[in-house]
Amino acid sequence: MSKEVENIVAGWDDAQRAVALEALLTSQLGPEAFDVQCRLLTSCPNEYLVVDGSGNILLFLRPPHDKHFAFQWHYSGTTVKEARAGGDIWAFVREKYRLYNMVLSMPRVIGYDDIQMGTQADGHNPRGAERVLLHIVRYFDGATPPGGTWFAIRNLPSEVIGHHKAIIERKLIPYLDQRA
């Protein structure tokens, strides 16, 4: 992003940022727009939904010491507090899978979801509200990483983190259904 554009964006209010972000996310720009999106948000959560060809999603069990989500299933993601290239984020997440010789597609942006602060039972996030950028990653072959388990997308365990389950139901299932 040029310094001139960066200075303009820095002066925008929340409403202007929301309109610009909506335009970016509904365009066909994909992950290359990541730097611009990060300048429009206070943080940039990226979630990677790894799915296979049989209607399963790879989830991981959170450790017992996790402050908000102990012993709950989640999909991989990361939150970036400052703008970084989207490729850097994918490289960060991909390392977990590369160790187990998993053969995966490149991530494809499938949209975003707004998560509200609140209780997990309501599909919200107790850590705070955020706009999440969602990526689908196709699994082709390889071992499952430790702590990971494949679950049928339409038959998830009750212990899936509330807002993760909500994203799967609101965004991933309709996305896959449209392509079936």
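**Strand pairing**

I began with strand E2 (56-61) and found that E2 and strand E8 (residues 148-152) pair in the antiparallel sense over five bridges, where strands are DSSP runs of at least two residues, helices (H or I) are runs of at least four, and both are numbered from the N terminus. Two strands count as paired if DSSP finds at least two bridges between them. Within this pairing I noted that Leu58 stands opposite Trp150 in E8. I then looked at the other partner, and E2 and E3 run antiparallel, joined by two bridges, with Leu61 opposite Trp73 in E3. As for cover, five of the six residues of E2 are buried, where buried means under 20% relative accessible area, exposed over 50%, and partly exposed in between, using a 1.4 Å probe and protein chains only.

**What I am looking at**

I keep in mind that this is a predicted model, in which local features need pLDDT of at least 70 and side-chain atom pairs count only at pLDDT 80 or more, while totals for chains, interfaces and linings use all residues. Residues are numbered from 1 along each chain as its sequence is written, and side-chain values use heavy atoms, with hydrogens and water left out.

**The chain as a whole**

I counted five helices and eight strands in the protein chain, and from the N terminus on I read their order as α-α-α-β-β-β-β-α-β-β-β-β-α. Of the 180 residues in the chain, 43% are buried. For the accessible surface I noted about 9,700 Å², with 52% of it belonging to carbon and sulfur atoms; these areas come from the Shrake-Rupley method with a 1.4 Å probe, and for residues only the protein chains shown count as cover. I also looked up contacts, meaning heavy atoms within 4.5 Å, and among those between residues at least 6 apart in sequence, 67% join residues at least 24 apart.

**Phe71**

Which residue has a positive phi although it is not a glycine? I found Phe71, with a phi of about 60°. I wrote beside it that most residues other than glycine have a negative phi. Phe71 sits in the loop between strand E2 and strand E3 (73-74), and Phe71 is exposed, with a relative accessible area of 52%.

**Aromatic pairs**

I next searched for rings of Phe, Tyr and Trp (its six-membered ring) whose centres lie within 6.5 Å, calling planes under 30 degrees apart stacked, over 60 edge-to-face and the rest tilted. By this rule I count two aromatic pairs. Trp73 and Phe151 form an edge-to-face pair, at 4.9 Å centre to centre and with 70° between the planes. Because Trp73 lies in strand E3 and Phe151 in strand E8, this pair ties together parts that are 78 residues apart in sequence. Trp73 is buried at 14% relative accessibility, and Phe151 is buried at 17%. Tyr139 and Trp150 form a tilted pair, at 4.8 Å centre to centre and with 50° between the planes. Here Tyr139 lies in strand E7 (residues 130-141) and Trp150 in strand E8, so the pair ties together parts that are eleven residues apart in sequence. Tyr139 counts as buried at 18% relative accessibility, whereas Trp150 counts as partly exposed at 22%.

**Salt bridges**

How many salt bridges does a search of the whole structure find? I found two, taking a salt bridge as a side-chain nitrogen of Lys or Arg within 4 Å of a carboxyl oxygen of Asp or Glu. Asp66 and Arg62 meet in one of them at 2.9 Å, N to O, and I noted that Asp66 is buried at 17% relative accessibility, while Arg62 is buried with a relative accessible area of 17%. Arg154 and Asp177 meet in a salt bridge at 2.2 Å, N to O. This pair links distant parts of the chain, with Arg154 in the loop between E8 and H5 and Asp177 in helix H5, 23 residues apart. Arg154 counts as exposed at 58% relative accessibility, and Asp177 is partly exposed at 40%.

**His164**

I ended in helix H5 (residues 162-178), where His164 has its place. Is His164 buried or exposed? I found His164 buried, with a relative accessible area of 3%. Leaving aside neighbours within four places in sequence, His164 is in contact with Glu47, His74 and Tyr75. The C-alpha atoms of His164 and Glu47 are separated by 9.2 Å, although these residues are 117 apart along the chain.
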